[in-house]
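The stops below can be selected in the order given.

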Amino acid sequence: AGRITIGHRASDATIKLTLDGSAVGPGAATYGGPIFAPGAVVVSARAGVPGLPASETVTVAFPAIVPVEKIARGGWKVAADSAEPGEGAPENAVDGDPDTFWHTEWSARTPQPPHFLEIDLGADTTVTGVELLPRQGNPNGRIGRFEIQAESDGAFRTVHTGVLDGSENRARFLWKTPVSARRWRLRALTE
């Protein structure tokens, strides 16, 4: 599928949707921006505008996209602005284990977002997107709005902004132009 964008003429429209082709009922997700689906997906959506009946449901099937080559993890250095000792080490975010996670400090103090996770890949690496797996089994501390930044000439610049939907589903975010950098940063703007 890739990047899926849904729109409506009315600026105050609310779009409800499912990503498995199921009926769009009261518990369906609310569309908040582009959706990135790495595999095949069937989107069912319905729009509502205040004072008018809901639209008919529209269902569209999207095929899977070509898989993106993953970067070998060896030799990475990982740091963060905050981490919970004994539970949420920054290295957990990139260890490939879905049962571990990076978590900002919460027991001694609770610093508020934004937070960042910085990854030094060890060499300039061309990147076209990122795949994020939210914390599994517990919604506490899941990232909402975020930025992906790449370091260039000693300063980080934003190459992508996005929003995770609050679920524990893996999400892939692609940008239009490949970017080469050694150091990358995930800035969590909201939870």
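A residue is called exposed when its relative accessible area is over 50%, and buried when that value is under 20%. Keep in mind throughout that this is a predicted model.

**Stop 1: Asp-153**

Select Asp-153, in the loop between β9 and β10 (155-163). Is Asp-153 buried or exposed? Its relative accessible area is 83%, so Asp-153 is exposed. Next look at the backbone: phi of Asp-153 is positive, about 55°, although the residue is not a glycine. Most residues other than glycine have a negative phi.

**Stop 2: the Pro-113 and Pro-114 peptide**

Move to Pro-114, which sits in the loop between β7 (77-80) and β8. The peptide bond joining Pro-113 and Pro-114 is cis, with omega about 10°. Most peptide bonds are trans.

**Stop 3: the largest nonpolar core**

Now select Phe-146, Ile-148, Val-159, Leu-164, Phe-173, Trp-175 and Trp-184 together. These are the residues with the most contacts inside the largest nonpolar core, which has 23 residues. Colour β8 (115-132), β9 (145-152) and β11 (171-188): each supplies at least two residues of this core. The largest share, eight residues, comes from β11. Nonpolar side chains tend to be buried together in soluble globular proteins.

Centre on Leu-164 and display its surroundings. Which residues does Leu-164 touch, not counting those up to four places away in sequence? They are Leu-132, Pro-134, Ile-143, Gly-144, Phe-146, Ala-171 and Phe-173.

**Stop 4: the four-stranded sheet**

Show the strands β3, β2, β5 and β6. In that order they form an open sheet with antiparallel pairing. β3 (29-30) and β6 (58-62) are at the edges and have a single partner strand each, so one side of each has no neighbour in the sheet.

- β2 and β5: the strands run antiparallel and are joined by five bridges; Thr-14 is opposite Gly-48 in β5.
- β5 (residues 41-48) and β6: the pairing is antiparallel over five bridges, with Ala-45 opposite Val-58 in β6.

**Stop 5: Thr-18**

Stay in the sheet and select Thr-18, in strand β2 (residues 14-18). Its relative accessible area is 10%, so Thr-18 is buried. A polar atom of the Thr-18 side chain lies 2.9 Å from the backbone oxygen of Ser-22. Leaving aside neighbours within four places in sequence, Thr-18 is in contact with Ala-23, Val-24, Ala-28, Val-42, Val-43 and Ser-44.

**Stop 6: Val-24**

End on Val-24, one of the contacts of Thr-18. Val-24 is in the loop between β2 and β3. Although Val-24 lies in a loop, its relative accessibility is 6%, and Val-24 therefore counts as buried. What surrounds Val-24, apart from residues up to four places away in sequence? Val-24 touches Lys-16, Leu-17, Thr-18, Ser-44, Ala-45, Arg-46 and Thr-57. To finish, draw a distance between the C-alpha atoms of Val-24 and Arg-46: these residues are 22 apart along the chain, and the separation is 6.9 Å.

Key. Residues numbered from 1 in each chain as written. Predicted model: local features only at pLDDT ≥ 70, side-chain atom pairs only at ≥ 80, totals over all residues. Heavy atoms only, no water. Core = buried A, V, L, I, M, F, W, Y, C linked by side-chain atoms within 4.5 Å. Buried < 20%, exposed > 50% of the residue type's maximum accessible area, 1.4 Å probe, protein only. Contact = heavy atoms within 4.5 Å. Pairing = 2+ DSSP bridges. Polar contact = N/O pair within 3.5 Å; in protein donor to acceptor, adjacent residues only side chain to side chain.
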